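User: Please take a close look at a single part of this model and describe how that part is built and what surrounds it.

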Amino acid sequence: MSMRSRLAFVRRYYRWLIVLALLPLGLLLVAALIAYTQGMRVQGVSWQNGLELAQWQRLHNGCVRVLGERLRVTGWRPLTITMTRMSLPKCETGAEELSPPPWTPPFDLSIKALTIPGLPPLAVVIHQREQRWQVQARYRRSNASAVYDRLSGRWTAQGQIQATDIAPKLLGALNFTGKGMWQAKRLDGSWQAQGYQLGYLGQPQRTDTTLEASLAAKRWRLNATLGAPLALGGGWNLEAREALRASGNLDGVESLRLDLRATGPQGNVRLTLETEGGGVARGQGRLTLAGPSLAGTVPLRWSRQRLELLPAEIRLPEELRLSWARPVALPLAPVGESPLSAELQYRNIRVKTVDSRLSWQQARWGWQGQLELAGKAAGYDLAGVWRGRIDAAGLTGEPASLTVKGADLQLALRVPVTGFHPPRWTARADFNGRYGNYPLMGVLNASFARGRWEGAVEGHSRLPFYAQGGNLKVAVPWYGKEGQWFLGTGSRATLAEGLIGTTLIKPIALTAATPLRLGPQGVWGTLQVKADGAVATRGVLPAVIGQMDVSGQQGRARLHVPAWQSELSLTAGLSGRGKNTGVKGTLELTTPLVAAMSRSLGVSLQKGMLNGQARWQWQDHWQLKGEVKVSGLALDWGGILAAGGNGSAHIELHPDGLTLSSIGPISLAELEVGTLVRNLRMTVRSDLSTWHFADVHAEVLGGNVRAPALQWPSPQYQTVTASRINLEDVVALENEPNPTVQLAGRVGGHLPLQLMKDSLALQGGVLSNEGPLSLKVLPSAGVSAMGQSNRAVQLALDTLSNLAIHDFQARLDMKPDGWLDAAVTVKGQNPQQNSLPVVLNYTHRENVFELLRSLRIGDEISRRVLERRPAEGLP
Amino acid sequence: MKAATRLLMAVLLLACSALTMALDLDSAKSQGLVGEQPNGYLGVVKASPDAVELVADINAKRRSAYEAIAKKNGATLDQVAALAGQKAIEKSAPGTYVKAPDGQWIKK
């Protein structure tokens with residue numbers, strides 16, 4: 001055909017050509033119109049090597065029956081479709097007719113994830129040729145296949161379900177087969193399933209099971225047997241004491257018979273159901289709980305479409321009690337609703353709901369209503385309320401509120417539930433209140449992520465026994481893991497600087513060095529302790545660092561004071577229960593004794609070592625019993641020096657005060673009080689106000705002093721025995737390079753002393769010679785001058801210049817003010833004057849305190865002190 | 001010349017620091033935060049962190065001074081401190097707090 005003839009053809013038939021060209025488009029429009037009337041809706045239509053729909057869905061009576069994403073047509077003969085995702089949501093349309101699929105052209109359909117309520121997402125492939133459908137579905141290691149011939153109505157199915165695909169810890173597999181007819185809205189068939197080696201990871205039991213089911217003329221029948229107890233996890237086993245038999249129609253159950261018994265560590269649960277008679281479609285049964293943590297019986301009643309739990313109270317693990325006063329109906333139909341009034345009790349806490357609604361739709365449960373909490377815990381009144389809905393999608397409703405009230409604590413918590421939904425459950429609770437007069441506020445965050453609950457608590461308060469400061473801050477990450485709760489590493493409680501009385505407590509920080517596990521019996525983990533010390537008006541406690549291991553209701557701390565090189569080990573544990581709850585433990589202290597510890601003492605420690613062990617207890621008051629040992633002690637009271645102190649003592653701290661008693665003698669190698677006292681030893685008993693000394697012994701002035709018992713302070717005169725006092729040492733006290741008098745020999749006697757708190761007195765003291773004594777008045781300028789002044793004095797000096805004494809008696813009295821009255825009788829001979837007998841009676845009055853250098857303070861000291869600059873704070 | 005200047009500066013700084021400390025103590029006394037006690041040491045009348053720190057610091061210095069005097073004179077630390085306390089109470093300015101023998105704080 002030439003070009004001209006072609007143009008003539010087009011001019012002649014152009015109307016028909018236009019119609020022919022528009023025909024496919026029209027057909028496409030008609031198809032789209034029909035699809036639209038059938039409820040099909042599409043979005044994101046495009047063409048990329050084939051038709052592509054971003055989203056599509058099919059509506060029926062306003063409900064989305066089918067929903068798909070990323071549908072691609074990759075071939076037309078046969079029609080080949082791939083789909084990324086397809087869902088078959090449930091619609092509330094009641095029971096539906098089971099219509100077979102309609103006629104379709106041959107097609108291949110591949111769905112990567114088909115979501116059907118109650119099942120995990122399945123990978124599905126469907127082939128259809130000549131109205132013969134072949135379906136294969138797969139989920140992890142489980143698979144199923146089915147063939148349906150639409151022309152004959154026959155169907156067959158088989159497959160294997162791995163138990164681990166249902167739950168990771170389940171073991172075994174279930175093989176199933178089925179066959180039947182499906183035509184004209186009628187589905188008939190029979191199914192057999194066989195379970196092999198079913199069990200639970202970690203439990204040795206394995207069992208087989210069989211299940212047979214049939215559906216014919218809209219009536220169904222089910223028989224199931226369990227060969228041996230089936231492990232359920234957690235130590236629980238399920239035993240079928242007889243085969244499960246049930247039958248019914250598509251409207252519900254008509255007959256039912258089962259006897260199941262579950263046994264576990266908490267006890268056992270037995271469920272029995274029976275049918276009352278043929279054709280009545282009702283029956284009764286019993287749920288019985290028994291064992292160490294379970295108790296109770298629940299009468300049951302079932303009818304065609306529901307199971308009723310008659311009023312009962314049951315005891316559950318963890319001291320939980322559940323009760324309901326009105327029957328609770330659980331629907332046995334695909335859709336149902338029931339009022340629910342029940343109460344859950346934990347110790348003195350009750351959570352109840354009245355006339356809430358329990359609903360059921362296929363596999364979806366829902367609850368809606370109000371929960372009210374009331375009770376008492378740890379001495380505090382609790383009250384709370386929440387109104388909302390709980391279903392598989394989570395919680396919706398008003399924020400929950402909870403109040404905690406007690407004599408000293410008032411706390412209000414508000415918990416929004418908007419974040420309580422899967423997969424990531426989140427909550428943020430604000431708490432606000434006061435403890436005593438001090439504010440207590442903070443935030444608790446919680447979320448469900450990575451398969452566990454986790455969150456953080458941040459709060460602040462003030463400790464009540466701080467007069468100023470003492471702000472407490474807590475920052476704690478927390479999480480749950482394998483049924484246990486932990487506070488994360490790095491959890492921290494810090495106590496800011498503050499005042500207790502007139503003592504300034506520097507900041508204290510406790511930091512978790514390991515996760516802290518929380519349990520009903522306490523806390524487990526390790527904490528680092530860092531205290532910056534304390535400042536008192538007369539002393540300073542340097543920084544303390546250490547570690548504290550807590551184990552349930554017990555703890556052990558090892559603390560170190562680097563500045564003093566002191567080590568303290570402390571254990572503590574709860575004792576008693578209820579009103580008798582207290583704390584007790586042990587204490588071990590090892591520390592050198594250093595001058596820096598002396599700031600609050602009247603003595604200055606120079607050196608030494610102190611070791612102490614004690615048991616302590618607190619229950620309404622402190623008690624402590626233990627032993628301390630001091631070795632190598634050196635100290636001074638200013639002008640009095642002591643060295644070589646050793647001793648052990650038993651100490652007791654109780655409500656009436658502190659008592660100590662030495663264990664064996666305590667000893668002091670040297671005590672310098674103007675003259676040197678050596679090898680002082682005694683036993684001591686004291687309540688810090690009265691001191692009892694026994695078996696006192698000391699070496700002084702070449703002799704010794706002893707006392708069987710002394711008490712200080714005491715108004716009584718207590719005898720101290722002196723013996724072998726060397727008179728040469730007495731003369732040497734004068735510390736005179738050229739003494740005018742020379743004495744020799746030893747004296748001894750009894751010195752009744754009155755030891756008052758601030759004074760010393762002597763009454764009726766007697767000293768006498770212990771063997772011969774000698775007295776020589778040495779020549780000196782002073783003696784010569786005295787002799788030349790008076791002849792009688794010269795005679796006396798001549799007589800006394802060299803005296804051999806065979807009898808020396810001295811009577812001594814001293815008043816508390818220090819004035820000593822001495823009456824001395826000396827009998828002897830002067831060998832230089834032909835053994836001239838000499839008797840000398842001598843009285844003397846002297847203030848001993850003024851004599852003793854150690855007590856010579858007065859104006860000079862006052863002047864020196866007062867002349868100090870005010871800048872040094874010296875008076 | 002430079003050494004003399006440095007010495008002069010050091011003396012001036014020492015004097016200034018001493019003056020500051022003195023003002024702090026005087027101020028604390030005049031505000032009724034601290035007072036003298038018969039035992040020779042300062043006490044806290046109205047507790048505050050600054051008052052406690054100040055008193056602790058001054059008491060440490062006093063104790064060192066008392067100890068030196070006690071050693072030199074053959075007396076005990078408590079004897080020297082008690083004597084000094086007696087004198088300090090006598091010298092306290094009217095209106096400042098002193099501790100009575102019964103343990104009560106009274107305004108002089």
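**Helix H3 of chain B and its setting**

The buried residues of H3(B) are B:Leu77, B:Gln79, B:Val80, B:Ala81, B:Leu83, B:Ala84, B:Gly85 and B:Ala88; a residue is buried if 20 or more other C-beta atoms, placed from the backbone, lie within 10 Å of its own. An α-helix has 3.6 residues a turn, so residues three or four places apart point the same way. Helix H3 of chain B covers residues 77-91, and its 15 residues should span 21 Å at 1.5 Å a residue, which agrees with the 21 Å between its end C-alpha atoms; the expected span is 1.5 Å times one less than the number of residues.

This is a predicted model, in which local features need pLDDT of at least 70 and side-chain atom pairs count only at pLDDT 80 or more, while totals for chains, interfaces and linings use all residues. Residues are numbered from 1 along each chain as its sequence is written, and chains are lettered from A and ligands numbered from 1 in the order in which they are written.

Chain B has three helices and four strands, arranged along the sequence as α-β-β-α-α-β-β; helices (H or I, at least four residues) and strands (E, at least two) are DSSP runs, numbered from the N terminus. Of the 108 residues in chain B, 40% are buried. Among contacts in chain B with a separation of 6 or more, 41% join residues 24 or more positions apart, a contact being two C-beta atoms, placed from the backbone, within 7 Å.

Definitions and conventions. A residue is buried if 20 or more other C-beta atoms lie within 10 Å of its own, exposed if 12 or fewer, and partly exposed in between; C-beta atoms are placed from the backbone.
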